[in-house]
Amino acid sequence: MTLAIIHTRAGLGLEAPEVLVEVHLANGLPGITLVGLPEAAVKESRERVRSALINAGFDFPLRRITLNLAPADLPKEGGRFDLPIALGLLVASGQVPPEALDGVECAGELALDGRLRPVAGMLPMAMATRQARRRLIVPRANADEAALAGDLEVLPADHLLEVVAHLLGQAPLLPHRASGPAPAATPPPDLADVRGQHQARRALEVAAAGGHNLLFAGPPGTGKTMLASRLPGILPPLTEQEALEVAAIRSVSGLPHAAEWGVRPFRAPHHTASAVALVGGGSRPRPGEISLAHRGVLFLDELPEFSRHVLEVMREPMESGQIHIARASHERRFPAGFQLVAAMNPCPCGHLGDPRRACHCTAAQIQRYQSRLSGPLLDRIDLQVEVPALAPEQLTSREPGEASATVRERVLAARARQAARGGLNARLAGRDLEAACGLVATDRAWLAGVLERLRLSARAYHRVLRVALTLADLAGEARPGRDQLIEAIGYRQLDRLLKG
């Protein structure tokens, strides 16, 4: 037989479209032609495969070899095609029977001596293989990750010789049985460590209960970062499907999945991060920080120090929950269902309104610093809270604050009410939001007057309703009343917080 077809998959973001590795041997001058839109690493597989086959003791066919990676218009990246190409050459040259690869997919990079090396993005491939109802041969280092896909027969191997022995029926590969990743050993920081700051703690609880974005504003050293780091500890645990989504993103990013399995991500990029680092992209598009924070928290400390351009590119993903990266030759979509928590000082020196130290910034410096945050961006942040300096007696108090476990119980109860309603309050919109709030006529008229006086936008109006609905859920009430509306509006007045 001079033609072989091997099943494998490409890695396009979180998608793993099927690729057929077609190998044809013909008479003519020995050589290898590789077609099918391969990038540089794929083209180099010709030399890796040649050396691996020879060093493993197989006959490398000295014929005119044509390798086609179909479909031809799909970009092919990385070293994952080494193993399929090697097996295709062995089948086409008659060293492996073609029927041995029926119902099998494979992927893996080959070392020059035939050892199998792991590849990135194995979990999306495993999930796609499971849907296709095939078995999957992978490098042993990828076996645990592939096994996360669930009902899939994963056959791990360390060497090309082991794969061929399995296909020849000489030494079958044993299906991998993973016990499942262990939960993270280190518990998240506890909210009990926070002294005072009752309003900020309340806002943190509201943010956790409804999935709202949150901004802390205040002088340096008042606990803004400490509060933000406690948010994952009061959020509900990830469901199995959510944990798979998070693991898949880490997989395509080349990050380990086992160490943080089931833990909500907490990403805190430095303020010098570029737009590509934050939202993703590059010549070979990869997930950015907003995707790595999917189902978790994205913490932006020193918010005004980020480039304004970098902050503005987050506006669309904050609304849609995904990022669409388009390039001339290809496009990618990555999930970005993150919860934004940001912290900022009120002025460049940080002491505007601080009773401990006087502010030495000029009015022009303060205005320029605060104007780095655009109105549309602030409109998308539901809760904007002042974190003032603590009094000495509060700071030195030995009385612990309320523990994260206690707060989490209230958060879980509020989220259960939202689940019965159809989804998180932060994502409710239009008629669903209006129906869930069900404001009485007097509250509706009062709210209209407040919106006019405060000059809040239509987006801000809907976000006020969402926060008020979350406050009602935390209180165990069916509908938000005047008290919840007043508290929700109080979280929107950033100007008051920054004027000092």
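Which element gives the most residues to the lining of the largest pocket? The element is α20, with four residues.

## The model

This is a predicted model, in which local features need pLDDT of at least 70 and side-chain atom pairs count only at pLDDT 80 or more, while totals for chains, interfaces and linings use all residues. Residues are numbered from 1 along each chain as its sequence is written, and side-chain values use heavy atoms, without hydrogens and water.

## The largest pocket

A pocket is an open set of points on a 1 Å grid over the protein atoms alone, where a 1.4 Å probe fits, with protein on both sides within 12 Å along at least five of seven lines; lining residues have an atom within 4 Å of a point. The largest pocket holds about 690 Å³ of space, the volume being the space filled by probe spheres set on the points. Its lining has 30 residues, and G211, G337, L424, A426 and R427 lie nearest the centre. Two or more lining residues come from each of α13 (315-320) and α20 (458-475); such helices are DSSP runs (H or I, at least four residues), numbered from the N terminus.

## Helices α7 and α20

Helix α20 also meets helix α7 (residues 198-210): their axes, lines fitted to C-alpha atoms over the stretch in contact, come within 9 Å and cross at roughly 95 degrees. The two are therefore roughly perpendicular, a term for angles of 65 to 115 degrees. In this contact (heavy atoms within 4.5 Å), R202, E205, V206, A209 and G210 of α7 face V467, T470, L471 and L474 of α20.

Note on methods
Axes are lines fitted to C-alpha atoms, for helices over the stretch in contact, and angles run from 0 to 180 degrees between N-to-C directions. Angles under 35 degrees count as roughly parallel, over 145 as roughly antiparallel, 65 to 115 as roughly perpendicular and the rest as oblique.
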